[in-house]
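Here's a quick tour of a helical packing problem, written for someone who likes the cut-offs spelled out. Have the coordinates open while you read.

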Amino acid sequence: MADVVTLLDPGKLERNKDNPRLIFRQDDLDALQQSIADQGILVPLTVFKEGHGYRLLDGERRWRCAIKLGLSKVPVIVQPKPERMQNIMMMFAIHHARKDWAPLPTALKLQDLEDEFAKRNGRKPNEKQLAGLASLSRGEVRRLKKLLALPESYRDDLLKQLDKPRSEQVLTVDHVLEATTAASLLRKRGIVDDKTEDQLRRSIISKFRAKVINNTVAPRKLARMARAVERNELPLVNAKQVIRKFIDSPTYDIDSAFRDSVEQVDFEHSVEQNADRLASALEEHRRRRYKLSDALRKKLESLGSAIRNAISQG
């Protein structure tokens, strides 16, 4: 049986507090409002009865636009009222395909879903269960969990950024996550302590804001510094000096820090890995008793010349 469409006064509808999509960008709303003004609401809203009114399950943007336009009626489909946990699950399932979901509000609502599960079952869901409840992949759940682990001041700052038009946003979730991951890796390698870790994260974020750092994944170069320290290719004291300079100097960027500390050893480590792979491939070639082709022979002779030159110049 097809769902029955009913016309209701939009003033009798209320937003769903469990909607993970807390941020509605004004430029998107303006475009939708114009479309509704020209063509009307083509897809009915989905609601459930609550008290003397109705609560939205799907269609909050259409509802907001209808209010702005002063529409007296909107098409709706009335569903049975769900329990709180089911309501959150339905909100995730309904809105999951929306491309412009903001990750941080979604993470906050994922926390509510986890808490509701715990109330009902006496334990928190594991990652696989939580992913199923929220209609998300396990990778998406892990990413949202990283956001929940951010200090509250960072989360508040990111929420303020989401209120701005996209063109005016200077700080994103990815900026903060990359800064956090890089600083954490350096702490694990003993390059920074807990206090300096937060200073480093704040410095990276500040330089993203000031456009001193323009590449979102640039902090990953700091992770390469941490690995160089772990391999004893970069003295710990040198790494600490570079990080202190990075924190203290507003214009000292990650590329400069990388160049001043680990660029050469990181490049040479890559050459070593390629040499090992080539040696293994040549050994396999010999084991299979392949005859050396003329083309491969020329390449190896050229490579041998390059190796001899590198050694003599070293």
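## Ground rules

Contact here means heavy atoms within 4.5 Å. With that in hand, take H269: setting aside neighbours within four places in sequence, H269 is in contact with R231 and E233.

This is a predicted model, where local features need pLDDT of at least 70 and side-chain atom pairs count only at pLDDT 80 or more, while totals for chains, interfaces and linings use all residues. Residues are numbered from 1 along each chain as its sequence is written, and side-chain values use heavy atoms, with hydrogens and water left out.

H269 sits in helix α13, residues 263-287. Helices (H or I, at least four residues) are DSSP runs, numbered from the N terminus. Is H269 buried or exposed? Its relative accessible area is 18%, so H269 is buried; the cut-offs are under 20% for buried, over 50% for exposed and partly exposed in between, using a 1.4 Å probe and protein chains only.

At 23% relative accessibility, E233 counts as partly exposed. Leaving aside neighbours within four places in sequence, E233 is in contact with A228, V265, H269 and E272. Between E233 and R244 there are 19 Å, C-alpha to C-alpha, for a separation of eleven residues in sequence.

## The nonpolar cores

A nonpolar core is a set of buried Ala, Val, Leu, Ile, Met, Phe, Trp, Tyr and Cys residues joined through side-chain atoms within 4.5 Å. The largest one has 52 residues, and L200, L222 and I243 have the most contacts inside it. Helix α8 (residues 173-188) gives the most to this core, with seven residues.

Which residues does L200 touch, not counting those up to four places away in sequence? They are A183, L186, L222, I243, F246 and I247. A second, separate core of 16 residues includes I41, L45, V47 and Y54.

## Helix α8

Among the buried residues of α8 are V173, H175, V176, L177 and E178. The buried residues of α8 pack against α4 (103-121), α6 (138-148), α7 (152-162), α9 (194-209), α10 (220-230) and α11 (236-248). Just after α8, G190 takes a positive phi of about 80°.

## How α9 packs

Axes are lines fitted to C-alpha atoms, for helices over the stretch in contact, and angles run from 0 to 180 degrees between N-to-C directions. α8 and α9 pack at about 150°, with their axes 9 Å apart. That makes α8 roughly antiparallel to α9; the classes are under 35 degrees for roughly parallel, over 145 for roughly antiparallel, 65 to 115 for roughly perpendicular, and oblique for the rest. Residues of α8 including A183 and L186 meet a set in α9 that includes L200 and I204.

α9 and α11 pack at an angle of about 50°, with their axes 9 Å apart. That makes α9 oblique to α11. On this face, T196, Q199, L200, S203, I204 and K207 in α9 meet I243, R244, F246 and I247 in α11.

Definitions and conventions
Helix = DSSP H or I, 4+ residues; strand = E, 2+ residues; numbered from the N terminus.
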